[in-house]
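Hello,

Here is the structure I promised to pass on to you. Have a look at it first, and then read on for my notes.

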Amino acid sequence: RDPDVQPGHRYRLGVMGGTFDPIHHGHLVAASEVASRFGLDEVVFVPTGQPWQKSHKKVSSAEDRYLMTVIATASNPRFSVSRVDIDRGGPTYTVDTLRDLHAERGDDIDLYFITGADALAQILTWRDVEEMFRLAHFVGCTRPGVELHSPVIEGVPPERITLLEVPALAISSTGCRERVTARQPIWYLVPDGIVQYIAKRGLYLS
Ligand code: ATP
Ligand code: MG
């Protein structure tokens with residue numbers, strides 16, 4: 001915590017959940033933009049455990065995804081990484097992420113869950129939606145190729161969701177993996193350290 005904060009200031013923690021296989025500049029720009037627009041004190045990146053929406057697909061190990069997230073965020077003093085979803089084990093549900101972060105950081109903080117337009121459109125299928133919206137404010141970010149609109153959710157006040165236009169980066173983890181498999185460059189789509197980590201570990205080669 002920042003010791004210089006004003007009395008009465010509630011700590012604002014952004015939460016960026018994702019598979020991060022690999023983390024790319026689209027994730028980092030969205031987090032940075034939300035942090036600036038909402039005056040967030042910190043954004044914590046939370047790599048998923050075994051992602052339940054993607055359980056039919058091949059996903060890199062939690063440790064590789066965790067380390068890439070650490071490498072990509074290390075230079076930003078307001079970015080951090082949490083292992084709560086990885087260490088819990090089993091499929092990740094956002095409601096558990098938010099509960100665990102409140103348990104770790106205390107109840108006197110405000111959580112802002114950051115999601116891209118594609119993930120926001122799926123939100124009605126997530127577990128314990130009403131409790132999720134009690135635990136956090138949701139920020140839906142624009143993402144190239146996806147229309148952004150606020151889902152109407154019974155029992156959830158519309159002011160718990162804010163839509164935000166962020167600088168458009170047509171980058172996806174899927175696209176990055178496919179480029180590596182096709183031996184095409186991913187320089188400048190992901191941070192330099194991530195290009196090097198992927199090469200060192202031989203990720204996505206087949
Ligand atoms: P994949 O192609 O494997 O699904 P992804 O690029 O969608 O990967 P995720 O880890 O699934 O990355 O995304 C984590 C979060 O970041 C989601 O809320 C997603 O909508 C958001 N996000 C991902 N890429 C962008 C982008 N280019 N611009 C804005 N938001 C993004
Ligand atoms: Mg995705």
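This is a predicted model: local features need pLDDT of at least 70, side-chain atom pairs count only at pLDDT 80 or more; totals for chains, interfaces and linings use all residues.

Strand β4 and strand β5 (residues 137-141) run parallel and are joined by 5 bridges. One pairing to look at is that of Gly116, whose bridge partner in β5 is Cys141.

Zooming out, β4 and β5 belong to an open sheet of 6 strands, ordered β3-β2-β1-β4-β5-β6, with parallel pairing. At the edges are β3 (79-81) and β6 (161-164), each of which pairs on one side only. From one strand to the next, the twist averages 25°.

Elsewhere in the sheet, strand β1 (residues 11-18) runs parallel to β2, and 6 bridges join them. Met16 stands opposite Phe45 in β2. Strand β2 (residues 42-47) is mostly covered, since 5 of its 6 residues are buried.

Which of its residues are buried? They include Ser173, Cys176 and Val180. These three sit on the same side of α7, because they cover an arc of only 60° around the axis. Thr174 and Thr181, on the other side of α7, are exposed. Part of the cover over the buried residues comes from α8 (192-201).

- Asp21 and Pro22 are joined by a cis peptide bond, with omega about 0°. Pro22 is found in the loop between β1 and α1.
- Asp128 is not a glycine, yet its phi is positive, about 55°. This residue lies in the loop between α5 and α6 (129-135). Asp128 counts as partly exposed because 15 other C-beta atoms lie within 10 Å, between the limits of 12 or fewer for exposed and 20 or more for buried.
- Arg183 also has a positive phi, about 60°, although it is not a glycine. Arg183 follows α7 and lies in the loop between α7 and α8. With 7 other C-beta atoms within 10 Å, Arg183 is exposed.

Finally, a word on Arg88, which lies in helix α3 (residues 84-88). Is this residue buried or partly exposed? Arg88 is partly exposed, as 14 other C-beta atoms lie within 10 Å. Leaving aside residues up to four places away in sequence, Arg88 touches Gly49 and Asp96. Asp100 is 12 residues from Arg88 along the chain, and their C-alpha atoms are separated by 9.5 Å.

Happy to talk any of this through.

Best wishes

Definitions and conventions:
Residues are numbered from 1 along each chain as its sequence is written. Chains are lettered from A and ligands numbered from 1 in the order in which they are written. Two strands pair if DSSP finds at least two bridges between them. Helices (H or I, at least four residues) and strands (E, at least two) are DSSP runs, numbered from the N terminus. Axes are lines fitted to C-alpha atoms, for helices over the stretch in contact, and angles run from 0 to 180 degrees between N-to-C directions. The arc is that of the directions from the helix axis to the C-beta atoms. Two residues are in contact if their C-beta atoms, placed from the backbone, lie within 7 Å.
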